[in-house]
Amino acid sequence: MRGQQERTGPLFSYVSTEDRIAASHPLRQVRRLADHALDRLNPTFCRLYPEGGRPSIPPEQLLLALLLQAIYGIRSERMLIEQLDYNLLFRWFVGLNPDDPVWHPTTFTKNRDRLLNEDLMARFLELLLASPEVKPLLSSEHFSVDGTLLRAWASHSSLERLDGVDDGDGPAPPSGGHGFGGAPAKGRKRARDDFRGLLLSNQTHRSGSDADARLFRKSSGTGAFLSYLGHCLMENRHGLVVASEVTRANGHGERTAALRMAKALPGTHQKTLAADKGYDTRDFVAGVRFAGVTPHVAQNSGPRRRSAIDGRTVRHAGYGQSINARKRIEQVFGWIKQAAGLRQLKARGRSRVGAVFRLHVAAYNLIRLANLLSPGRALA
């Protein structure tokens, strides 16, 4: 028979959030791993907060809420707080009871700024990978490195000349109000934020909104935008990121950061480092070898170019395996930009951007680990 719809529900509910979340839900694995790392971060949290004053939002709950925002690609803190108000799954993950009041968005962002610290996020990633059940999944011998372009939270309209001269005092743009390519109107001045016909470069202009952002383009077929460079070092066994950082966007940033992360790899045993053709330069290959790491860099051999990788490296079967495994690092950047919504940053300053990037890298590792430790399950 047809069931009858009841408009009024029960006044009280006695089912806890722990019972409402399915035992097989992948977020259970994510929270368990995150809680293990957060417990070991307690001494660091104690140093960040003073002894007296009003109690603030617990840093563990703040960090769990930021992980939720990255995992589900929530585009703003206000929307995150709204979800925490009525989403029982989110409340359970953060550690809020159904009757607990949620924080005001401005209170959340004010307290969040204390945790957006590069060293803290790097420590969180380190403790996450140091877990006894995660360590066996990591490779200590074979790694891959790559970089990606991160659009800064600043536009061309924020560019200002370093010499203090106003671009509006210059000549009018080529169109001059008479169509593209026409003669400029006599006596007409250039409108503010009108850069047509001007040569913009990092040597002459700097963003007034984000002084650390730099004009950069990834390839010759794209335009130049104010950007940063994000770098990741991945182990090749299961595709987990073991190190990451953010640098200013320039032509040498990727190789410099890759060499720095390669030198920081622990142990004196033999290691390999895979990379794409952009890393096939003599100074980078020599620097990696000097660090005791075998460079498995894709050869960039053209009619007028000679690869720095010789036949002694290419002839080994491990070289081809490293080149094939290296492609998995693109999944990291794809998830961070597309699913987590970090295609364009919402933070300014290299240090703050580095903390946000490392937070998203940790979120990617948590999703990856949840799938690895729970075979056949994927995070929705």
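The largest pocket has a lining of 22 residues, and E126, L129, V242, A243 and P266 are the ones nearest its centre. Bear in mind that this is a predicted model.

**Largest pocket**
- The volume of the largest pocket comes to about 620 Å³.
- Helix α8 (118-129) and strand β6 (241-248) each put at least two residues into its lining.
- Sorted by class, that lining holds 13 nonpolar residues, along with four polar and five charged ones.

**Second largest pocket**
- Two or more lining residues come from each of α4 (59-71), α7 (105-115) and α14 (350-373).
- The top contributor is α14, which gives four residues to the lining.

**Helix α2**
- Helix α2 covers residues 26-40, 15 residues in total, and spans 22 Å from first C-alpha to last, close to the 21 Å expected at 1.5 Å a residue.
- Its buried residues are P26, L27, Q29, V30, L33, A34, A37 and L38.
- Those residues sit on the same side of α2, because they take up an arc of only 165° around the axis.
- Among the elements covering the buried residues of α2 are α3 (42-48), α4, α6 (88-94), α8 and α14.

How values were computed: Residues numbered from 1 in each chain as written. Predicted model: local features only at pLDDT ≥ 70, side-chain atom pairs only at ≥ 80, totals over all residues. Heavy atoms only, no water. 1 Å grid on protein atoms, 1.4 Å probe; cavity = no way out; pocket = protein on both sides within 12 Å on 5 of 7 lines; lining within 4 Å. Points joined across faces, edges and corners; volume = space filled by probe spheres on them. Nonpolar A, V, L, I, M, F, W, Y, C, P; charged D, E, K, R; others polar. Expected span 1.5 Å × (residues − 1). Buried < 20%, exposed > 50% of the residue type's maximum accessible area, 1.4 Å probe, protein only. Arc of directions from axis to C-beta. Contact = heavy atoms within 4.5 Å.
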